[in-house]
Amino acid sequence: MRMHSAIRVVPGALAVVLAFASAGVASAAAPGSSAAPAVDALPPGQPVSETMTELAGWVVASRDAQGYPFAVIDKAAAQILVFDGEGRLRGAAPGLFGSAIGDHSAPGVAGLALREIPGRDRTTPAGRFVGGFGPSIDAGRVLWVDYDSAVSMHPTATGVPSEKRAERLATPTPEDNRVTHGCINVSPEFYEQVVAPTFERGGVFYILPDKASLAETFPEFAQSRAAAHQADGKRGQSAPR
């Protein structure tokens, strides 16, 4: 795991997004914090989308996570950003997601064994989920992202060598990161160093959609974002001549 200044581009972007927020909230995500540096496990040079940084900024500014740690997750880019309860970035890493494209879990999928889940139903749902550690039937204590649909976040496993999950996670592009039955996988190192300690007492998970609109998935964020962009557009207009 490397720690360097590149990932601090993300908190810097958040500081811009949070310019409209109170000074106390903005400073929590600003560079130069006394907190330990964020863990950057993303492939070198891989950008973080504007949507991810804007959503993270909105979560902090609106206090939508109510002081709990939170993660912003982009399935399309196969990226995960983890923040503490004060909005400070704790780490960024690639992830593996459900092999099927979709934003909803099929009814009854939580009651099926992995081998029984049809390929079309192996989705990672999108939306806002309040999760935390809890027991499971066959995997001990796990970090549930959405207990009702049996979606958890856990380290990559080597149970099915042909899936090459560790190898997929290590590639520099997201094209091969859709392989799970719906759960979210991260590297064992990132899980132990960032995920497990950050969410020890639970947290909130924001998963961006594959197909659904932001307005459908995060209506309050979408409204705030549209208003902010509209205001920026008006400020950018030249004076009448």
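Student: In what order do the 9 strands of the open sheet stand?

Tutor: The model is a predicted one, in which local features need pLDDT of at least 70, side-chain atom pairs count only at pLDDT 80 or more, and totals for chains, interfaces and linings use all residues. Residues are numbered from 1 along each chain as its sequence is written, and side-chain values use heavy atoms, with hydrogens and water left out. Helices (H or I, at least four residues) and strands (E, at least two) are DSSP runs numbered from the N terminus, and two strands pair if DSSP finds at least two bridges between them. With mixed pairing, the order of the open sheet is E1-E4-E3-E2-E11-E6-E7-E8-E10.

Student: Which strands stand at the edges of the sheet?

Tutor: An edge strand here has a single partner strand, so one side of it is left without a neighbour in the sheet. The two strands in that position are E1 (39–40) and E10 (184–186).

Student: Which residue of E11 is the bridge partner of Val72, and which is the bridge partner of Arg128?

Tutor: Strand E2 (residues 70–74) pairs with E11 in the parallel sense over 5 bridges, whereas strand E6 (residues 127–135) runs antiparallel to E11, joined by 5 bridges. Val72 has its E11 bridge partner in Tyr206. For Arg128, the partner in E11 is likewise Tyr206.

Student: Which residue of E3 does Val72 stand opposite?

Tutor: E2 also pairs with strand E3 (residues 79–83), in the antiparallel sense and over 5 bridges. In E3, the residue opposite Val72 is Leu81.

Student: How many of the 6 residues of E11 are buried?

Tutor: Buried means under 20% relative accessible area, exposed over 50%, and partly exposed in between, with a 1.4 Å probe and protein chains only. Gly203, Phe205 and Ile207 on one side of E11 are buried, as are Val204, Tyr206 and Leu208 on the other, so that both faces are covered. Strand E11 (residues 203–208) is therefore largely enclosed by the rest of the structure, its buried count being 6 of 6.

Student: How far apart are the closest N and O atoms of Arg225 and Glu54?

Tutor: A salt bridge is a side-chain nitrogen of Lys or Arg within 4 Å of a carboxyl oxygen of Asp or Glu; the count by this rule is 9. Arg225 and Glu54 form one, with their closest N and O atoms at 2.5 Å. This pair links distant parts of the chain, 171 residues apart: Arg225 lies in helix H7 (residues 219–235) and Glu54 in helix H3 (residues 50–62). The separation asked for is 2.5 Å.

Student: Is Arg128 buried or partly exposed?

Tutor: Arg128 meets Asp64 in a salt bridge of 2.7 Å, N to O. The two are 64 residues apart, Arg128 in strand E6 and Asp64 in the loop between H3 and E2. Asp64 counts as buried because its relative accessibility is 16%. Arg128, at 37%, counts as partly exposed.

Student: Which strand gives the largest share of the lining of the largest pocket?

Tutor: On a 1 Å grid over the protein atoms alone, a pocket is an open set of points where a 1.4 Å probe fits, with protein on both sides within 12 Å along at least five of seven lines; lining residues have an atom within 4 Å of a point. The largest pocket is lined by 37 residues, with Leu114, Asp138, Trp144, Ala150 and Cys183 nearest its centre. Strands E7 (141–146) and E8 (151–155) each supply at least two lining residues. The largest share, 4 residues, comes from E8.
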